[in-house]
Amino acid sequence: MGPKTAMVIGHSFIRHLERYIGHGYDPSINSNFGVDASKLRVTMEGRSGGNIARFRRSFFGKIRGLKPDILYIELGSNDLDSIGGDPEDISAEMVDLLQDIHRISATTHIILGQVLKRGAKGSRDPDYNVNVQKFNEMTGHLVNGLPYAKFWRHIRIWNSAVPLLKRDGVHPNPRGLYRLYRSIRGALLNSLPKETKHIL
């Protein structure tokens, strides 16, 4: 039997993470998230400005074709930052998205990353971070109720005492990208059977 497959996809955070890994700033990290490639092969792709609607257009064909064993998704922040973005409505849309992904791919490990807070300059909506907390609470409860999905909390980013954002107040700085890498790696390892968790 060949290695399991994983996709790590989503909005610009994933695109920035791809570049961070590719530039080789830190030799301890790699595009397979430090997991033995004979056990798991990871593909990664991010799209700037990604929201739920664009995600469907950009990634559904790829998900349907690959049918990954594990799918990690970073999504939701741009929806919450849109005009009139209501956290309850967006939460319902997100759950619909995960249900549709499972239907087209039969993926049994779908992981949705926690939406992260932004800095003061990072949103047009002064209530953005309040809405993020509401969204995470609702969505975490709903997603964890699906037998094939998990809501993944970026604990070391959310609770950080040091700045992890660039000056734009939106995107992670290098330290933030490293912590995002470690968090996603943890999510992937968490989805593997215990006997296959081999680290490079």
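Predicted model: local features only at pLDDT ≥ 70, side-chain atom pairs only at ≥ 80, totals over all residues.
User: What is the strand order of the open sheet?

Analyst: Strands (E, at least two residues) and helices (H or I, at least four) are DSSP runs, numbered from the N terminus. Two strands pair if DSSP finds at least two bridges between them. Here 5 strands run β2-β1-β3-β4-β5, with parallel pairing. β2 (40–46) and β5 (149–152) are the edges, each pairing on one side only. The twist averages 15° from one strand to the next. β1 (residues 4–10) pairs with β2 over 7 bridges. K4 stands opposite L40 in β2.

User: At what angle do α1 and α7 pack?

Analyst: Axes are lines fitted to C-alpha atoms, for helices over the stretch in contact, and angles run from 0 to 180 degrees between N-to-C directions. Helix α1 (residues 12–22) meets α7 (residues 174–190) at about 100°, axes 10 Å apart. The two are therefore roughly perpendicular (65 to 115 degrees).

User: Which residues of α1 make the contact?

Analyst: Contact means heavy atoms within 4.5 Å. α1 uses F13, I14, H16, L17, Y20 and I21. Among the α7 partners are L177, Y181 and I184. The residues of this contact divide into 11 nonpolar, 1 polar and no charged. Nonpolar covers Ala, Val, Leu, Ile, Met, Phe, Trp, Tyr, Cys and Pro; charged covers Asp, Glu, Lys and Arg; the others, Gly among them, are polar.

User: How is a pocket told from a cavity?

Analyst: On a 1 Å grid over the protein atoms alone, a cavity is a set of points where a 1.4 Å probe fits but cannot get out. A pocket is an open set with protein on both sides within 12 Å along at least five of seven lines. Lining residues have an atom within 4 Å of a point. Points join across faces, edges and corners, and volume is the space filled by probe spheres set on them. The largest pocket holds about 250 Å³. Its lining has 14 residues, with K117, I157, S160, L164 and L165 nearest the centre.

User: How many cavities of 30 Å³ or more are there?

Analyst: The structure holds 2.

Technical notes. Residues numbered from 1 in each chain as written. Heavy atoms only, no water. Parallel < 35°, antiparallel > 145°, perpendicular 65-115°, else oblique.
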